[in-house]
Amino acid sequence: MKTVKPSRARAFATELNLTAPCRNGQAPRCSRECPYGLDVRAFIRKLQRGSIRGAYGALSEQLTFPKVMCAICGAPCLKGCTAELSGAPVNLPTLEQAVFAGSKSSPPRYNVPPKEERIAVVGGGLGGLTCAYVLTTLGYSVELFEAENDIGGRLRELLPQEDYLPEIMSVIESESLTISTGRKIKSLNELESFSAVAIATGAGSDALGFEGKALPEKVFAAGEITGTSLPKAVESGKAAATAIDAYLKIGAGEEVTLSSGLKPISAEKTEKSEPLTKEQAQEEARRCRLCDCRACYDRCDLLQHYKTMPAKAESDVRVTLNPVDCFMPRRATRLINSCNDCGLCRDFCPESIDMNYMLMTSRALMFDDGSLPKVYHDIWLRDFEFSLSEKAAYLKKPENGYLFFPGCQLGASDPELVKDAYDLLCGIKPGSGIMLNCCGIPARWAGDAEGFKSHLEKLKGVWEDCGKPVIVTACPTCKRTFIEYLPDIPATSLYELLAEGCAPAESSGETVAVFHPCSSRKDGEMQESVKALIRSRGITANEISDPLERNRCCGYGGHIYPGNRELFDTMAQKRADSDPLPYVTYCANCRDVLSGKGKDCRHIIEVLTGRKRETSPPSLGQRRRNRVEVKAFYSGEEIPMDELKLIIPDELRNKMELDLIGDHDISDVIKSCNETKNYLLTERGTKIGHIKISKMTYWAEWSEEGDAFMIHNAYCHRMVLEGEGDGR
Amino acid sequence: MSEKLICGKCNAELVPKTINLNYLGHSLTNDFPCCPVCGQPYIPPDIVSGKMHEVETLLEDK
Ligand SMILES: [Zn+2]
C-alpha cells in the first residue's frame, strides 16, 4: 500500500497557530482594568461623534446602575490609559459624569410573562438590589427585606443619597417588587413561603446564621457576602439571580459554602470633577486612541503595506502553504517574500509572536517545494555565487588570531572602504588576516535553507583552518549571522575593537543621527561603539528622533526588491525621511539604499577616515568590478572579468538599475548572440538579441563602436519563451 | 508591425507567429514577430514592460 506523505509545507500549515495569543482585536488596557470590563471604545466612539445620548446608551447597556457604578469604581482605567505616555490619561470618569449630567433617560424595561414563584431577597445593598431587579426582569415576584430604614447598604457610607437613590429606584421600580425596609430577618423560618431565598446581607454579617456554613437547597448568596468587592457586588447579584432562575426551572444548583470572618473590601469613590460641556467632552474623548494592540503593526512596514494584522496574515499564509484543500490562490506568496527578516515584530509583541519566523520558515518551505517564484532571488543568488567565485573571494590567514570579514557588500559598495577598514584594524591588531567572502545570508533570504547551511559549514571549515581566529565583521548582518548561526565562532565587530578606550573629541558643532541598521538592534555594544567612534571625531551622535523609526530596515533586508519593489521604495523613502539630520550608518547597504533616495548618509568608516564619497551608489556592474578590484588588491593577481566594453547612456543605466540588469548580463547577451548569430538586424543598423540567464530572459539592442558596444536598450522578463525552459 | 526586422542567421524578414510563454506552471500563447526559417522571436520592450509584466504579476499572486 502506498501512503501519501504530506509535504513539509502542508504539515507546517496545518500545525501553524502562532497568532492565537495576539491581543489585536482584544479589549484595551482600560477595559481590562475596569471592574466591570466596560467596552470603553464603544462609549468613546459615541462621544467622539458628539452623541451624549448614544454614550449613555453604551453605558446603560452594559451597567445595571451606570451612574452609581461609575461613582464607586475608583477609576482604575486611568492607570491603564496609554495616552498617559503623551501627557495625561483620557479622563474617563469626567466623561461619564458629563454624560450623566446631560441625559435623563432611564433604561428600557422588557416585560416578560409573570411567573408564579415568589422569591425573597435579604439585604438592600448593591448585590441584593441587583439580584432583586434581575429576578423581576425574568418575571418573578420579589420581596426585598432591608434591616435598616433605607436601602443602599454600603453606598450610604460612600455617596450622598441623591447620587444613588434616584437612579436605583428608577431602575428597579416594578409592580413585581416589594421593598420592606426596617425589617430584619433573623432566620430562614421566616421565609418558608418563598420558592427561593437570596442572602445579600454584606461581608461580615451572620448571613441568617449561615456564616461559614453550606447553604441549604433553595438558598443563594449575592453581593459582598460572597467575598467580592463592592463594585463587583452587581455582577454577583446577577449571578445569584441567574442561579435562582436555573434552580427554579430545572432544579439544578451548585452547593455553596459561605466564608466566615469576611471583612468588607475597601471601596474607593470616584473623584468628582467640574462638569464638562458637550464640546469639552467631545474634545477630551477625541484624545482617546481607541487602543488596540498594534505593537508589531506600528513597527512593521510589511503589515502596513498589506493593511493586515497577524491573525489575518497567518490565515493567508496557511492557505498559501496548503492550497490544495482550499482551492484558493496562493495569495500570500508575495507577502511571504516581503519580510525583511528584522524580527521587530517578535521583540515588541507582548506575547512574543514571531511573525518573522513564520514568514521566513514559509519562504524556505516554498523554496523547497518549488512554489516560491525563483526569480525573486535569482539575481541575488547569482550575486552570492559571484562573491564566492575566484574572481572575488580571497583569504589571507591571520597571524594574530583576528580575521577581518568585510562581507560581500562593503567592497562592492566601495573598495576603499574595505582597504580603510582593514588598515584601521591592522593599526590596532597588526597581523590580522582578511577573508573576502559572504556570510551566506542571501541564501537564507532566498529560502534556500540547505544552501545556507552548507555555506555556514564551509565558513566554519575555513575558520578552523585559520586556527579558530576571532572573526571581525564590518557588516552588522554578518555579525548577527555568525552569532546566531555559528555560535562556536567568536565574532565581534570592527567598531567594538576600534572603540576600545576611544575618548570623545572636542565638539566640532556637527550633529548627525545614527542610522542603526536593523540587524544591530539587539547589539547594544556595537551601537554604543559606533556612537563613541562618531564622538571621537567631535561629532554629536543623536538617535533618530521618532522612537518608532529606530532600527528599522532600510528596505534591503530579506532581498524583497524583486518581489515587492513598491514596499522596498516605501521603506527606503520612509527611512530617508525619518530624521532631518544627516545620517551615519555602519551597513554598506543602508548607506547605498538611503543615499540612493537622496539622503546624506555616510558609512562610519568614511567618518573615521574623513574621506567622503561624493558619487551616487555604484551600479550592479560596478559592484562586481569593485569586488574584483578588492580581491586583486590583496591577492596581487587580477582575474579578468571577461566583460565586453559597454557604453551605456545615463538614462538607460538608471532603468537597468531599477530592473536589476547588470553590465555582465548585457555583456553575456551580446557575446552569446554574436557567437551563435542569433540576433535580429534592425533598419537602424543595430542588433537585437536575447538569452536566458538562470531564471531571467535578458534582451539587448546594441551597435558596435570600435572595440566597444553602444547599448541602445536593455530589458528583461520572467516569462520563459517556448523551448527555453519551463518558467519554474 | 512598424519595424522591419531581419534574422541575422537566416537573412529572412520576421513574420507574426504564435508562440508559447511559460511561467510558474502556467502557459500562455501570443503572436510575436518570428523568423520564418529558424523561429527566432522578437518581444518588443513595450510589451515586456506592459502586458507581459502585468501577466507575470498576476501569475505570481495566483
Ligand atoms: Zn532565422
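Visitor: Is Arg334(A) buried or exposed, and what is its relative accessible area?

Guide: Quick housekeeping: this is a predicted model, where local features need pLDDT of at least 70, side-chain atom pairs count only at pLDDT 80 or more, and totals for chains, interfaces and linings use all residues. Residues are numbered from 1 along each chain as its sequence is written, chains are lettered from A and ligands numbered from 1 in the order in which they are written, and side-chain values use heavy atoms, without hydrogens or water. With a 1.4 Å probe on protein chains only, buried means under 20% relative accessible area, exposed over 50%, and partly exposed in between. Arg334(A) is buried, and its relative accessible area is 12%.

Visitor: Which residue of chain B forms a salt bridge with Arg334(A) at 3.0 Å?

Guide: A salt bridge here is a side-chain nitrogen of Lys or Arg within 4 Å of a carboxyl oxygen of Asp or Glu. Side chains of opposite charge can pair when their charged atoms come close. For Arg334(A), the partner whose closest N and O atoms are 3.0 Å apart is Asp61(B).

Visitor: And which residue in helix H1 of chain B pairs with Arg334(A)?

Guide: Helices are DSSP runs of H or I of at least four residues, strands are E runs of at least two, and both are numbered from the N terminus. The pair crosses between chains, from H1 (residues 45-60) of chain B to helix H16 of chain A.

Visitor: How many salt bridges cross the interface of chain A and chain B?

Guide: The whole structure has 54 salt bridges over all chains. Across the interface of chain A and chain B, the rule finds 3.

Visitor: What area do chain A and chain B bury between them?

Guide: Contact means heavy atoms within 4.5 Å, and 33 residues of chain A are in contact with 32 residues of chain B. Buried area is the accessible area (1.4 Å probe) that two parts lose on being put together, summed over both. Carbon and sulfur atoms carry 56% of it, and the total is about 2,900 Å².

Visitor: Which element gives the most to the side of chain A that touches chain B?

Guide: Several elements each supply at least two residues to that side, including H16 (333-336), helix H19 (375-388) and strand S17 (687-693) of chain A. The one that gives the most, with 4 residues, is S19(A).

Visitor: Which strand of chain A joins an open sheet with S2(B) and S3(B)?

Guide: Two strands pair if DSSP finds at least two bridges between them, and S2(B) and S3(B) run antiparallel over 9 bridges. On the chain A side, Val720(A) has Asn22(B) as its bridge partner. The edge strands, each pairing on one side only, are S3 (26-34) of chain B and a strand of chain A. The chain A strand in this antiparallel sheet is S20(A).

Visitor: Within chain A, how many residues apart in sequence are the parts that Asp292(A) and Arg41(A) tie together?

Guide: Their salt bridge has its closest N and O atoms 4.0 Å apart. Asp292(A) is partly exposed at 28% relative accessibility, whereas Arg41(A) is buried at 13%. Asp292(A) lies in the loop between helices H12 (278-286) and H13 (301-305) and Arg41(A) in helix H3 (residues 40-48), so the separation of the parts they tie together, in residues, is 251.

Visitor: Which residue makes a side-chain polar contact of 3.1 Å with Asp301(A)?

Guide: Asp301(A) sits in helix H13 of chain A and is buried, with a relative accessible area of 8%. Among the residues it touches, not counting those up to four places away in sequence, are Leu567(A) and Met571(A). A polar contact is a pair of N or O atoms within 3.5 Å; within protein, one must be able to donate a hydrogen and the other to accept it, and residues adjacent in sequence count only if both atoms are side-chain atoms. The partner at 3.1 Å is Arg552(A).
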